[in-house]
Amino acid sequence: MAAVQDGPIELEPENEIKTETSNEVLGNPGDASGGVPPTAPVAAVATEKPAAAAADSTERQTLLAVLQFLKKSKLFESEEILRREAGLLNEIGDSQGSGAGGAGLGGGGDAEPESGDASSLLSRVAGAAATASANATPAPAKVTPVVTGGEDQPDVNVVLAAYSQQGDPVLYPVYYSGLKRFIDSVLDCHRAELSQVFYPLFVHMYLELVYNQYEKEAKAFFEKFHGDQECYYKDDLRILSGLTKKEHMKGNETLLDFRTSKFVLRISRDSYQLLKRHLQERQNNQIWNIIQEHLYIDIFDGMPRSKGQIDSMSGSLAGEAKREANKAKVFYGLLKEPEIEVPLDDEDEEAENEEGKPKKKKPKKDSTGSKSKKQDPNAPQQSRIPLPELKDSDKLDKIMNMKEATKRVRLGPESLPSICFYTFLNAYQGLTAVDFTDDSSLVAGGFADSTVRVWSVTPKKLRGVKTAGDLSLIDKDSDDVLERIMDEKTASESKNLYGHSGPVYGISFSPDRNYLLSCSEDATVRLWSLQTFTCLVGYKGHNYPVWDTQFSPYGYYFISGGHDRVARLWATDHYQPLRIFSGHLADITCTRFHPNSNYVATGSADRTIRLWDILTGNCVRIFTGHKGPIHSLAFSPNGKFLASGATDGRVLLWDIGHGLMIGELKGHTDTVYALKFSRDGEILASGSMDNTVRLWDALKAFDDIETDDFTAATGHITLPENSQELLLGSYMTKSTPVIHLHFTRRNLLLGAGAYNP
């Protein structure tokens with residue numbers, strides 16, 4: 001195990017850390033449309049209705065207690081109707097439809113009008129409110145705004161019954177069609193934004209019909225309106241179409257999450273006011289209730305977004321990310337490298353002897369730089385999280401790395417990398433994962449038959465350690481003791497590792513090449529020794545298949561993510577996870593450490609990418625825009641940018657500091673399964689199931705983007721349509737999907753995949 005400064009690392013294991021859902025749904029009580037500030041006291045003011053004016057203080061307290069009970073039970077329609085009939089409207093001032101979280105829209109049309117006065121109303125609800133009235137207190141200051149109107153309102157009992165039935169199923173198509181006609185009739189600038197409401201409303205209306213066992217109505221509703229939804233929701237709609245009974249919903253965790261979590265829509269204030277006014281005028285309570293309960297409207301000031309801007313950010317299972325979700329400070333800079341003197345190599349010494357002058361090559365500094373010797377102002381503190389101490393072998397490896405860097409090829413549009421592709425032939429077991437060591441000396445493959453195989457790609461063969469009996473005969477004080485402990489009899493080009501009981505889906509070498517991680521369908525992560533080629537530890541924490549795992553750039557820590565929708569942070573010497581990152585709504589399909597090891601990124605089948613802070617366990621970034629499950633992630637060497645690839649064939653580029661999408665690379669026709677930046681960050685390589693490797697000009701992609709505070713605040717991202725300008729080359733394999741890419745220390749690009757005849 002790697003040695004750690006100041007003893008073992010004691011990061012307390014934490015319970016699941018869930019992202020909090022804001023209770024604020026639609027606007028706020030103090031917006032431009034009126035309403036009373038939340039601190040305003042509730043004043044009892046007599047109204048023109050004679051029955052309400054005559055009510056004594058006991059009746060008033062009883063009535064307020066009933067109103068409070070209805071509000072706590074979220075029976076907003078009933079509360080509003082009772083408040084109107086009791087003549088308590090003036091207690092909340094002039095309510096012109098303030099955008100507070102309450103429902104507050106007028107009652108619906110087919111109920112019988114109420115002819116009784118406040119006294120008869122009280123007598124009907126007295127039985128239900130007997131307990132509450134004994135210790136009744138006035139209602140709290142924050143009161144739901146209501147819409148005044150001249151119509152008689154339906155009976156409270158009728159409203160309660162209608163609420164329990166979730167509305168008349170026959171009217172669902174009427175509600176939806178009415179909203180559709182309205183949105184189609186508004187100005188073009190608002191239509192694109194308001195059209196975002198269609199999909200979540202459609203899903204929740206359908207689920208509500210199924211949940212309340214209106215199977216025929218649900219089927220008719222689906223058939224009529226599913227064709228109106230955006231094309232990138234077609235996979236979700238296919239799953240939805242299979243849910244035709246209430247029993248089906250119980251086993252579908254993803255749709256249960258969709259029903260219980262709030263779908264986020266980002267809408268300008270003008271567009272929001274249009275929608276709110278329409279729903280209030282039509283008294284469309286059913287749609288209003290769904291918007292209240294299941295949607296989060298993130299309102300911003302400014303011009304409405306265009307259809308293209310909305311489409312670029314849409315597509316995830318839970319809508320867009322809230323703007324405040326991406327405002328936390330992220331220390332994306334690199335940690336300061338330790339001072340290590342690089343001795344001259346043999347070539348330099350010969351040149352100095354021959355010419356009498358030193359002939360040292362200096363690595364050229366790049367704007368996207370790799371690791372810096374100066375402290376980056378955006379970098380976290382060196383001691384923010386405990387990292388393992390550098391061993392002598394680590395220092396030697398860093399020296400070798402720096403020497404290699406002096407001979408590194410400077411890449412660019414005029415100097416593309418050579419590509420060496422490793423094809424796995426006769427991989428009848430099913431190749432599922434590949435990884436290379438940092439020095440490119442070893443390659444490992446994970447297979448569907450539950451085995452892991454390691455190959456040496458240099459002339460040096462793989463050797464195991466001698467048996468305990470032979471080791472006791474070795475002189476431990478000799479200079480070449482490390483060489484003597486290796487058993488030449490076991491030397492071979494490859495080694496098989498057995499231990500998993502299901503397909504192996506992810507593998508990762510440790511930076512010092514002494515260990516290998518593998519994760520499997522058997523819900524375990526295993527740590528293998530590359531000295532003895534045996535399993536050292538089996539980490540059991542996941543409950544379902546583990547799809548990916550990766551070592552930290554500094555070793556010791558590693559991350560895993562799987563079907564249980566949770567990512568776990570581990571340390572090699574702890575058998576329980578140090579952190580549990582919970583928030584995704586579907587499987588976590590890929591994981592990646594930030595170069596400074598303070599953050600991890602997770603990509604999910606819910607079509608979002610999340611960035612997690614290892615120290616606090618908080619989610620500090622949520623990126624939406626992909627239209628399919630994410631299968632590959634790559635950080636730029638300077639830590640500022642993130643690239644992601646998904647089943648939609650697109651590669652998206654993200655600015656971590658601003659929390660914005662800044663680029664879209666189109667060209668692949670199938671899942672992008674591998675992404676890798678060159679060592680200095682000039683080139684981004686992408687590999688896909690379409691049997692191609694593509695090279696992109698990363699420097700140009702990042703330099704062309706200008707991010708300002710306004711763009712970050714409103715999300716008005718206009719992506720340049722310059723994919724073809726950024727594409728530097730496309731290279732076909734011979735019927736071999738590309739599942740891994742790796743740049744050597746000299747910027748030679750290595751690829752790997754299994755031949756698929």
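Two strands count as paired here if DSSP finds at least two bridges between them. The model on screen is predicted.

**First stop: E10 to E13**

Select strand E10, residues 504-509, and strand E13, residues 534-540. Both belong to an open sheet of 4 strands, ordered E10-E11-E12-E13, in which the pairing is antiparallel. E10 and E13 are the edge strands; each has a single partner strand, so one side of each is left without a neighbour in the sheet. From one strand to the next, the twist averages 20°.

To look at one pair of residues, pick Ser529. Which residue in E13 is the bridge partner of Ser529? The partner is Thr534.

**Second stop: E4, E5, E6 and E9**

Move to strand E4, residues 431-436, and strand E9, residues 494-497. These lie in another open sheet of 4 strands, with the order E4-E5-E6-E9 and antiparallel pairing. E4 and E9 are the edge strands here, each pairing on one side only. Neighbouring strands of this sheet are turned against each other by 20° on average, with direction ignored.

Next, select strand E6, residues 452-456, and keep E9 displayed. How many bridges join E6 and E9? The two strands pair over 4 bridges, in the antiparallel sense. For a residue pair in this stretch, pick Val454 together with Lys495: Lys495, in E9, is the bridge partner of Val454.

Technical notes: Residues numbered from 1 in each chain as written. Predicted model: local features only at pLDDT ≥ 70, side-chain atom pairs only at ≥ 80, totals over all residues. Heavy atoms only, no water. Axes fitted to C-alpha atoms, helices over the stretch in contact; angles between N-to-C directions.
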